Amino acid sequence: MEKAIFFDLQGTLGGEATGNIEYFIPYPFSKEALSLSKEKGYLNIIITNQSNIGRGFLSMKTYEEQEKRILADFNSDELLVDDFLCCPHQREDNCNCKKPKIGLIQRCVEKYSIDLHQSYVIGDIGKNEIVMAHNAGCRGILVLTGGGKDSLGKFRDAWLGYDAHLIANNVLEAISKIK
């Protein structure tokens, strides 16, 4: 079975936590983190909530163009990102794919035969990624980039009862600390 790291995109690998994907710019250390993860034997899978699509603020075509741009950047020198999945829904749609629900992770488990007990979810929003990790049976890592500091501070009550396996300053530090 494979092991994977499920990465949040915005606020974790670059950009602003709740910003527009059209303005996404990777952090300078993100490609190094993805490369180190591959060296450690993980599949790298990006899972992103994009409710602006469901709200009508972003077209699916524009989203797909941005996904291609981001993948081309991350995979320009070597294959660093194995898959890139998006939930386009609003919370009111009650889908099974919007974080912290695990529909997109389940799809990856079936596609890649992933052992969730050997896998991680890394993100900057505790109520999304840390809760999703718990729901999926993975280990969750909170990074302090993007919305991470606020997630630990003024928004900690949104994910009370859940703890991160690890808290790291950024995604590179997070990958450096796992086996």
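Is phenylalanine 74 buried or exposed in this predicted model? Phenylalanine 74 is buried, with a relative accessible area of 0%, where buried means under 20% relative accessible area, exposed over 50% and partly exposed in between, computed with a 1.4 Å probe on protein chains only. Residues are numbered from 1 along each chain as its sequence is written, and side-chain values use heavy atoms, with hydrogens and water left out. Because the model is predicted, local features need pLDDT of at least 70 and side-chain atom pairs count only at pLDDT 80 or more, while totals for chains, interfaces and linings use all residues.

**View 1. The aromatic pair of phenylalanine 24 and phenylalanine 74.** A search of the whole structure finds three aromatic pairs, taken as rings of Phe, Tyr and Trp (its six-membered ring) whose centres lie within 6.5 Å, with planes under 30 degrees apart counted as stacked, over 60 as edge-to-face and the rest as tilted. Phenylalanine 24 and phenylalanine 74 form an edge-to-face pair, at 6.4 Å centre to centre and with 70° between the planes. Phenylalanine 24 lies in the loop between β1 (3-7) and α1 (30-39), and phenylalanine 74 in helix α3 (residues 60-74), so the pair ties together parts that are 50 residues apart in sequence; helices (H or I, at least four residues) and strands (E, at least two) are DSSP runs, numbered from the N terminus. Phenylalanine 24 is also buried, with a relative accessible area of 2%.

**View 2. Strand β3 and its partner β2.** Five of the five residues of strand β3 (residues 83-87) are buried, so the strand is largely enclosed by the rest of the structure. Asp83, Leu85 and Cys87 lie on one side of β3 and Phe84 and Cys86 on the other. Strand β2 (residues 42-49) pairs with β3 in the parallel sense over five bridges, pairing being assigned if DSSP finds at least two bridges between two strands, and asparagine 49 stands opposite cysteine 87 in β3.

**View 3. Strand β4 between β1 and β5 in the list of pairings.** From strand β4 (residues 120-123), Tyr120 and Ile122 point one way and Val121 and Gly123 the other way, and all are buried. Three bridges link β1 and β4 in the parallel sense, with valine 121 in β4 as the bridge partner of phenylalanine 6. Four bridges join β4 to strand β5 (residues 139-143), which run parallel, and the bridge partner of tyrosine 120 in β5 is arginine 139.
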